[in-house]
Amino acid sequence: MKSKLDVHGLNSYYGGAHILNNVHLKANASEVVALLGRNGAGKSTTFASLVGLVERCKGSIIFDDQEISDKPTHEIIRLGLGYVPEDRRIFTDLTVEENLLVGKQDERDGVRGWTEEMLFTLFPNLAEMRHRPGGQMSGGEQQMLTIARTLMGNPSMVLLDEPSEGLSPKIVEEMANAILEMKKHGLSIIISEQNLHFARLISDRAYIIEKGEIRYEGTMADLDKNDEIKNAYLAV
Amino acid sequence: MDFLFIQFLNGLSSASSLFLVASGLSIIFGVTHITNFAHGAFYMLGAYVAYTLTEAWMGAIGFWGGIIVAAGTVALFGALIEIILLRRIYRSPELFQLLATFGITLIIEDLVIQVWGAEDLLGRRAPGLDGAIDIFGQAFPTYELVLIALGPICLCALWLLFNRTRWGVLVRAATQDRMMVSALGVNQAWLFTGVFTLGVFLAALGGAVQIPRDAVHNAMDLQIIVEAFVIVVIGGFGNVLGAFLASFIIAELNSFGILLFPKISMILMFIVMALVLVVRPYGLLGKAETHARTALGNVVRPLAPLTRKAKNWVLAALLVFLILPIFADDFVLNVGSEILIFALFAASLHLMMGVGGMVSFGHAAYFGLGAYGVALLVKFLNMPMEAAIVIAPLLAIAGAIIFGWFCVRLSGVYLAMLTLAFAQISWSIIFQWDDVTGGDNGLLGIWPSEWASNQQAFYYMTLVIVIAALYAIRRIIFSPFGYTLRGCRDSLLRADAIGIDRLRIQWFGFVLAGSFSGLAGVLYAYLKGSVFPDYISIPLSVDGLVMVLLGGIQTVAGPIIGAGVFKALSTIIISHTEFWKIILGAFIVILVVAFPQGIVGFFLERFGSKEEDIAEEKQ
Amino acid sequence: MSSLVVKGLSKYFGGVKAVNNVDFEVQKGELLALIGPNGAGKSTCFNMLNGQLAADAGSIKLFDEEIIGLQPRQVWRKGVGRTFQIAATFTSMSVIENVQMAIISYHKRLLSMLPFAGSLYKEEAYELLELVSMEDQANRPCGMLAYGDVKRLELAIALANDPKILLMDEPAAGMAPNERIALMQLTADIVKDKGISVLFTEHDMDVVFSHANRVMVLNRGEVIALGLPSEIRENEEVQSIYLGTGAVYDEELVGNA
């Protein structure tokens, strides 16, 4: 079966430092893949590299049969690869609706699109605050808005960088449900996570990254049984 | 009463042009973070091109067509500059971008003289609007009424653009977080080009509609850029409505100030700006700068003590300076003394902006106060040089103590603009207070003591004082106080959390920088034998910035080398060509593109030790 | 014995009661966790405790001394250390220099201009770094540290003035599970060793339930529960507004340290 996203030999540098070392990654259609690892292991850099936000970066990134490693960020996004960065980056002066407007793009062939109303169903909290400036929302509401904003671009795949970070356990549960809804909608999703409990609830497969290298790949179920690996890299 | 009303209307009609220019500046800054010094030059170009077109095209359509086409042409020119030059330097520190646009300004100023000549040009009246209407028995030009309407119309148009179109919402989003906008699939490069073009269009339009009112001349850029900056600061950066309010305030201030306070009319706006900033540190409608914006001139490379290799270089340079008098003539020695003095000036500015994180657009204030301190001591007390050198800097210190107390309460561009305001206020006092300071004529006859009166002796004296002062600055930078100052720059939050009284530390740093600058001014007064209001003026403050940035802000040696290169170059260029502005401007632009880390930073990166990288790889 | 006694602490933003009449005490030598939904007022509470935000009403007593209304730097001199949710360090300095700065400040030598700052209190700073196992990174530029290491550095800085109480804002955020446990274990050891108290906010319930001696729950600016971890865990109100079903934190408690 052909992969939705296929990454080979990805190397990234920041200043003089070699951050990613031959990273490989695959994700299929309608699959949730978890990229696990501690902070500084290279999860965020991997995502940023995939969408062209890392200046010095080489390797092969095939998305929907197309090499995208040499494309600028906005072109990659417009091909349908959505990206939600870890610090949310809501436009705090803009209202919820205006935030969504910035993310809006035309529908793509073969991708089920999203309307504002569908997103308000997915994240009911947002519906009540359409005209509220982003800066006056709580952390959990902002996290939902940032995902909704990316979905407005009608992506076929979404990269979610640490969606559970800094959220209360109850909101994290809601987030897990929303991600499963997105999967049902037909999206491929890669999440980067430190919270294994959360990742386990939603992921089909998992990669573990450590010091910029992929150290493990397998199904989430296999990883869950493998205490040795979990102790070595995640130490739960 | 009637007269006052007419004066009020006059103010309103000037406000429109000011608003056009200032809103353009504000929008460009908001999105691209570029402090566009060339904005005044685009305003001037708009006026010149409109002059040519309205002379060539007849009738009302020709006139208004000419105005619009002129603004459009200049906007396209601006777009070209953005695409060719600015796109290369968006990742550079913000002050470097300022420097590049300063270079562009110099080039445009000279080009304008080459194309249109140095004479003032009087533009045509607008056809059909060249009459006047009767208001309370006074004749008021019809054209002015059109201008009065233009401001609010443009404000509404901009409001609709930013709130009712997707492009406008994208611009507002990019103002907050440009990386995120491109991560949502927006082509950031073209968004920037569009915003820059819009901003330049507004500036050029502001210039073009001026031609029936005022003569077009080649110095109109400097005056308007300073006013526009003041307006943007009073209104709050990136806030169009704030710019509108502030334009109104400044225009009316100009209009009535000339009647009420003729002596200080030129600096009224600076006084108002200072007052506004003291009450509202981010302008009338501005908000605290968001996390997305790093402090001006912020750097992260840790300062390191000199390596053995670097020490050898310093010794070699010292040796060159020591033996220079053996083979150099008086002219060279004079230039050598000047370079040394400006090295101290630049180093003192670096202490404030590089180490302290407080960018100053008015560092000449303390230089000038020092120089005038000497002049006054010599003129009124006939004080000998040896005593004057020690006492004169006290005037600069006093100035820094007062101005600094206000300035350290602000941050970023607002702080920088307040330093400019205080420099202008000082300049104005000196310029206007004829009886004491000699006003425009300056004070003459400030000669060194007998023993130091020949070039060689004076050169050695300067060398000793400057080297001692530079050594002192270096020691301060590596002392606990210097570290604390740097800490306040790095993280206010952390400084506060470990018991550092930030205001006191920065105030103290401000005063120290001012006193070294004053010392440089003292030496300069003796070198030239006279003092003039120029010593305290904006161009000298800008020169200081150029020197620091040219050399590189992240090292202690950078500003010193920057001062040497800048002074030597400008001396050579000015003495060999009349196109010195074009050459200097082009040189600055090329340097900014080729050496985004400054000259010293560039060499460090190329040839310096790679310890950090090695340390990183070992991890 | 209580090291910190808070009474009637309140803060209003416009008409919103961000923190409303909050009372609590921190016992000497305990780790008290402050949890609650996003926007419940935890950060506001913290910022008032260290003086960053002026309280509208209430009293904060540190060993019977009123510290409300003081500037953050004055609060620090009274013995309240703080670490931040988003780490705040001097990025243009090395790791050890960051610690040295705190010690220099403690000894009130910030205005001194003669000595080289880099050689002042080096041994003391090194000892603090050893305490948090950061000694081998002492000379690295602070801007290059891994996230977890920055958090440990912040802990060392916070200990530089022999604090009586530490305020830690999401100390474990952004760290891997093993690092979280290690950092909290380290903190607990230091607390025991030096006899100080810790008040911390945290969203990671593994950390809270395994290391906190007591837990306080804030919702809409008010304290809705305060008790032992086991009590809080079973509290139905807390479950419905904050804890959820427990699916996203560990089912089995790591033994209480």
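Analyst: pLDDT is the confidence that the predictor assigns to each residue, on a scale from 0 to 100. This is a predicted model, in which local features need pLDDT of at least 70, side-chain atom pairs count only at pLDDT 80 or more, and totals for chains, interfaces and linings use all residues. Residues are numbered from 1 along each chain as its sequence is written, while chains are lettered from A and ligands numbered from 1 in the order in which they are written.

User: What is the mean pLDDT of chain B?

Analyst: The mean for chain B is 88, and 95% of its residues reach 70 or more.

User: Why is A:Gly37 called buried?

Analyst: A residue is buried if 20 or more other C-beta atoms lie within 10 Å of its own, exposed if 12 or fewer, and partly exposed in between, with C-beta atoms placed from the backbone. A:Gly37 has 26 other C-beta atoms within 10 Å, and is therefore buried. This glycine lies in the loop between strand 3 (32-36) and helix 1 (43-50) of chain A. Leaving out residues up to four places away in sequence, A:Gly37 touches A:Gly42, A:Lys43, A:Ile208, A:Ile209 and A:Glu210. The C-alpha atoms of A:Gly37 and A:Lys211 are 8.9 Å apart, although 174 residues separate the two along the chain.

User: What makes chain C as compact as a globular protein of that length?

Analyst: The secondary structure of chain C comprises 9 helices and 10 strands; helices (H or I, at least four residues) and strands (E, at least two) are DSSP runs, numbered from the N terminus. The radius of gyration is taken over C-alpha atoms, and the globule rule is 2.2 Å times the number of residues to the power 0.38. Chain C has a radius of gyration of 18 Å, close to the 18 Å that the rule gives for 257 residues, so chain C is as compact as a globular protein of that length. Of the 257 residues of chain C, 53% count as buried. Among contacts in chain C with a separation of 6 or more, 69% join residues 24 or more positions apart.

User: What span is expected for helix 3 of chain B, and how far does the helix reach?

Analyst: The expected span of a helix is 1.5 Å times one less than its number of residues. Helix 3 (residues 59-84) of chain B has 26 residues and reaches 37 Å from its first C-alpha to its last, close to the expected 38 Å. Its buried residues include B:Phe63, B:Ile67, B:Val74 and B:Glu82. The buried residues of this helix pack against helix 2 (39-56), helix 4 (94-116) and helix 8 (188-208) of chain B.

User: Which residues make up the contact between chain C and chain B?

Analyst: The contact joins 34 residues of chain C to 28 residues of chain B. Helix 3 of chain C gives the most to the side of chain C that touches chain B, with 5 residues.

Terms used: Two residues are in contact if their C-beta atoms, placed from the backbone, lie within 7 Å.
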